[in-house]
Amino acid sequence: MTGSHAPTPQEVTEVDTLIAGAGIAGLGMGIRLKRDAAAGADRGSFLILERANDVGGTWRDNVYPGVACDIPSHLYSYSFRTKPDWTHVFPSGAELQEYLRECAREEGLLPHLRFGEPVTDARWDEDAARWLVTTPAGRYRSRVLVSAVGRLSEPRVPSIDGLDGFSGAVVHTAAWNAGLGLGGARVGLVGTGASAVQLLPELARRAGHVTVFQRSAPYVVPRGDRAYDESELALLADPAERDLLREQIFWDAEAAFPQRLQVPEAIGALRGRAASHLRAQVADPMLRARLTPDYEIGCKRVLLSDDYYPAIQSPNVTLETSALVGIDGSTAIAASGARHELDVLVFATGFHATRPPFAELVTGRGGIRLAEHWSNGMRAYASTVVHRFPNLFVLDGPNASLGHNSAVYMIETQLEYVLGALEYLDESDAPLDIPLAAEDDYVAALDAAARDTVWLSGCTSWYVDDRSHRLTLLWPGYAHAFRERNGTFDAAAFGVRPVFSRGRG
Ligand code: NAP
């Protein structure tokens, strides 16, 4: 995709709102700003800085074979730009990426996009009351900074003894190499999370042999994906029908939340679904035992797959039920002591989600770095604004993800909040800095709500900060409760007086 030209390094570009990241959150912010402006609201200028050369975020980066989303298409898309012709109940990565590219093009975002511009530094200038943002290609000064860098954007590779000396090819699922020779290759697949479960069936089809390194077994439930037939597509051409379907999918997903609260009947039913799926697909009781998790269901993400268990039983797949701990030339060494000869090593080992590297780059009032403020785990008021980081809005950040419903719904909720704040800033020059007490109270309430959820029932997951053991990624409640709590900007929390609202177009 082509965007507008970057300034020369010595120029400083003045802009009202700077958005870092052109994934679902950043594009969504851009679309809402653009539409507000078209409706007559003066939201000022905005630019979107994107480190890569295309939009799409996670759906641009994750192109491993089999990549797809496990939230249904008609919910995992913008409510303000629904799509009539999703081909399947669940969208493939490629279909999502095409949707996002189309959104950027058709909503007129291209002139606002600056590609190949990763933020390398962002600091609050107290005197100017502006953010000063640096990229390798330019410098920007903005009143508002929106972080839309995503939580699944920085691939994590575990530290493995001898990995540097591996004689074969190494790849992470989020940085797939399409030229990787898989035919006849001996492939090691490290991890059994959402990415691995989608990739394994494809690897089993293409590679000579696959060894799966399973440190902990996942819970898997049926996926039931299928193509929409012609009559459904005809019905879904009507926007009202799409909205209805969207509502239905949303409330069905909400109904699953009591499982995460460990309500016995609800979590028992979920356990039953996973157990009968395993029984139906794996006849061998010994193998079933090796594939049975040793933690409570829902503590890690519950995976949806109809072809993972069949793939595990392919004649060319070996299940190693321990972690990869070392590499010696072409030999992968498992914690069990087993040794596996490999040509290719695939890390499906997730992302730096709880400690986002972006936080190291952002400096707020008094020189404090965001990573420092988050040294005990990510935190924010309304899951969006951070004490001593005036006019900074973090999308899809602290306690803004979900384990049971659509991330897009959460992002759209935050967009509403940011738009409300921008409306406030239209009327007032004073920067918005949330008092520490407000942030503390909000975080304490979330910590209390998280206490009895399944996510803190004892497993290791990327939802939980590994130093503080706080649930910092997920909102510990219903998605609709997130919207009720955080969908409206509340000036009073900032200790400032509300301004007269002219409403949004
Ligand atoms: P992940 O859920 O963080 O899983 C990482 C996996 O790597 C875990 O199974 C982990 O084991 C394992 N691991 C780490 N080090 C290991 C080692 N040395 N040996 C063996 N295993 C090791 O990462 P992900 O699968 O990429 O998924 C991340 C998130 O992306 C998902 O939870 C989901 O939100 C999103 N995603 C979504 C979809 C979708 O369909 N919507 C698809 C892909 C990804 P432990 O469990 O023991 O830690």
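Modeller: Happy to. The model is predicted, so local features need pLDDT of at least 70, side-chain atom pairs count only at pLDDT 80 or more, and totals for chains, interfaces and linings use all residues. Residues are numbered from 1 along each chain as its sequence is written, and side-chain values use heavy atoms, leaving out hydrogens and water.

Colleague: What is the strand order in the open sheet of five strands?

Modeller: The order is β7-β16-β8-β9-β12, with parallel pairing. Strands are DSSP runs of E, at least two residues, and helices runs of H or I, at least four, numbered from the N terminus; two strands pair if DSSP finds at least two bridges between them.

Colleague: Which strands are at the edges?

Modeller: β7 (169-172) and β12 (317-320), each pairing on one side only.

Colleague: And how many bridges join β9 to β12?

Modeller: Four, and the two strands run parallel. In that pair, V212 stands opposite L319 of β12.

Colleague: How far is a ligand oxygen from the S195 side chain?

Modeller: An oxygen atom of the ligand is 2.6 Å from an N or O atom there. Another pair puts a ligand oxygen 3.0 Å from a polar backbone atom of T192.

Note on methods:
Polar contact = N/O pair within 3.5 Å; in protein donor to acceptor, adjacent residues only side chain to side chain.
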